[in-house]
Structure formats: C-alpha cells, structure tokens
Amino acid sequence: MKCWRFFLVLPLLCLALAGCKKADSEASEDPAYRRVMESGVIRCGFTSWKPFIYIDPKTNTKGGIIHDLMEEIAKRYHLNIEWTAEVGWGEVVTALNTHRFDVACAAYWANTNRGSQVYFTDPVFYSKSYIWVRGDDKRQFKSYDDLNNPEYRFSYNDGSAESKIINLRFPRTRKQTLPELTPLSDLYELVAAGKADFMVDEMASVADYLKDKPDAVKKALDQPLALYPVVLMMAGGENRLKQMLDTAIREIELDGTLDRILAKYQAGDFFDRNAYQRQ
C-alpha cells in the first residue's frame, strides 16, 4: 500500500526539484545585467587614456570620448553611471570577472588575450596604431622588419594591448616596461628624450600630446602597424548586458551623436568607422 503512494509523490518531487534548479539557473544568468536593471546604475571601471577617458587634475572631473559615450548610453536607458574604479591594463579582466564593476568603460582593443576571458561589445570604431620615434630622429626605415633589431628598444605599459603586438612583431628588440597606470605621456617623454627608441600608440592620443609639444615625436613609418576594434568589455556570460550596450552603440553612431562626441574632442578623422558608415 505504501509503495503506490511513493510512486504518486515521486513525480511531484522531481517537478519541484526541476523548478528549483531552473530558478537557480535563471538567478545565476546575466548577474551584472540584473543588478543594473534593479539598481538603475551601471558601475564603470576604466583605464585612463586621453582623449578616451581621463581625470582633469584641476577639477577632478572625468571627460573623454568613451566617458561621454557611456553617459549618453545611460541617459537613453534612464540609468546612471557610477565611475567605480580606475584599474590598470593588465587587471581589468580580473576586475570584471570578480564583479568589481559591471562594464570596462574605456577604449579597449579587442584581442585574443582578452577574448578568451570576457565579452566585447560590437566595435565603437577602429583605431589605427603607429610606431613613434623621437621628433628629430634621422634614421630611415623601409619597413617594420627594420625595427626588429636588438639594438633598438620599445617602451610600453605592463599589461597593455600594445605589449602583445610589440612582442609578437618585434621579438628581437629590447623591451622597457612601465607600471600599468603610468600615463602614456611618460612613454612619449622617454622616446622624445632618446631613452627609448620606439613606442606604439594610436593617432588621437598622440595628437593630444603633440598639442603642447608639436615636434616631440613622429611616425617611424606612414603605414599603420595594426588596426584594432575599440570596444567596451564585460564579464563572460553577460549576453543581455552586451545586447543592451550593442544596441545603444549602434543607435548613437547612426543618429550622428558619435560624430558630435568625436568632434568635441577633435578626433573625428582619427578612426575608421563601421562598414555601413564607410559606404
């Protein structure tokens, strides 16, 4: 008699357990997205890189292309931005995956080192990187192969995207590294003073530096070393947060708001745009 009762109860237990597992699974999906929607706040981490995002030392206020982009994204979703933490190039992935913040809100280059650990948004735009030498450097280089020589020295920040391409393309050169949060202007100063031969950076950042020191550095070669997608980043598995950001980025680009942000920082001519904007 007791056996038939057991067989009646067993399916109900299985359904209850399945329901609990489904609820637990749903609760664990897209945790940053859920937190943002519940709190009304996107927590942004960032790595300073002028003119993308920087802190004005006089006013202690933030500005820059990606700063303004994120504020516009938040406005369109009726959310607020909390600029939670400044982190180094090499620690941003760990900071995302340990939930120190929801989105890495700076001009990060998408690459395979990061792609195996975090999600990228669709590209905001594409950045051309060049190699820079001292402004009065008389050496003539025919190709980038000429730079792969142990008598030359590259300078770069630890953990930066530039470090990957430098070590990939120029394995024979000597390397001079600086701490992750060292301002890029310090790299320019090393090259300008002849303490390093080369550094890698994109046009908008160098153009900002050259406003005050117009002859300090110049391109080693006219052709770009590489073209990188500029993206925001979030922890792996954040599908709904990625979709939300991608939608806003495309809308901001297509309605002309991105053009206005770039013009504000005199950077409109420095980036390649997405295919539908280049037609």
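**Close-up views of a predicted model**

The structure holds 16 aromatic pairs. The model is predicted, and each legend below treats one local feature.

**View 1. An edge-to-face pair formed by Phe46 and Trp83.** The ring centres of Phe46 and Trp83 are 5.9 Å apart. Their planes meet at 80 degrees, so the pair counts as edge-to-face; the cut-off for that class is over 60 degrees. Phe46 belongs to strand β1 (residues 41–46). Trp83 belongs to strand β4 (residues 80–86).

**View 2. Packing of helix α3 (residues 65–76) on helix α9 (residues 239–254).** The axes of α3 and α9 lie 10 Å apart. The angle between these helices is about 110 degrees. The two are therefore roughly perpendicular to each other, a class that spans 65 to 115 degrees. From α3, the contact takes Leu69, Met70, Glu72, Ile73 and Arg76. From α9, it takes Leu245, Ala248, Ile249, Glu251 and Ile252. Sorted by class, the residues of this α3 contact with α9 are 7 nonpolar, no polar and 3 charged.

**View 3. Packing of helix α2 (residues 31–39) on α9.** Here the axes of α2 and α9 are 6 Å apart, at an angle of about 60 degrees. That angle makes α2 oblique to α9. On the α2 side, the contact is made by Ala32, Tyr33, Arg34, Val36 and Met37. On the α9 side, Arg240, Leu241 and Met244 take part. The contact of α2 with α9 counts 6 nonpolar and 2 charged residues, with no polar ones.

**View 4. A right-handed β-α-β unit built from β8, α6 and β9.** Strand β8 covers residues 153–157, and strand β9 covers residues 174–178. These strands pair in the parallel sense, over 5 bridges. Ser155 stands opposite Gln176 of β9.

**View 5. A cis peptide bond between Lys50 and Pro51.** Omega of the bond from Lys50 to Pro51 is near 15 degrees. Pro51 sits in the loop between β1 and β2 (54–55).

**View 6. Positive phi at Asn60.** The phi angle of Asn60 is near 60 degrees. This is a positive value in a residue other than glycine. Asn60 is located in the loop between β2 and β3 (62–63).

Definitions and conventions
Residues numbered from 1 in each chain as written. Predicted model: local features only at pLDDT ≥ 70, side-chain atom pairs only at ≥ 80, totals over all residues. Heavy atoms only, no water. Axes fitted to C-alpha atoms, helices over the stretch in contact; angles between N-to-C directions. Helix = DSSP H or I, 4+ residues; strand = E, 2+ residues; numbered from the N terminus. Parallel < 35°, antiparallel > 145°, perpendicular 65-115°, else oblique. Contact = heavy atoms within 4.5 Å. Nonpolar A, V, L, I, M, F, W, Y, C, P; charged D, E, K, R; others polar. Pairing = 2+ DSSP bridges. Right-handed = clockwise from strand over helix to strand, strands pointing away. Phe/Tyr/Trp six-rings, centres within 6.5 Å; stacked < 30°, edge-to-face > 60°.
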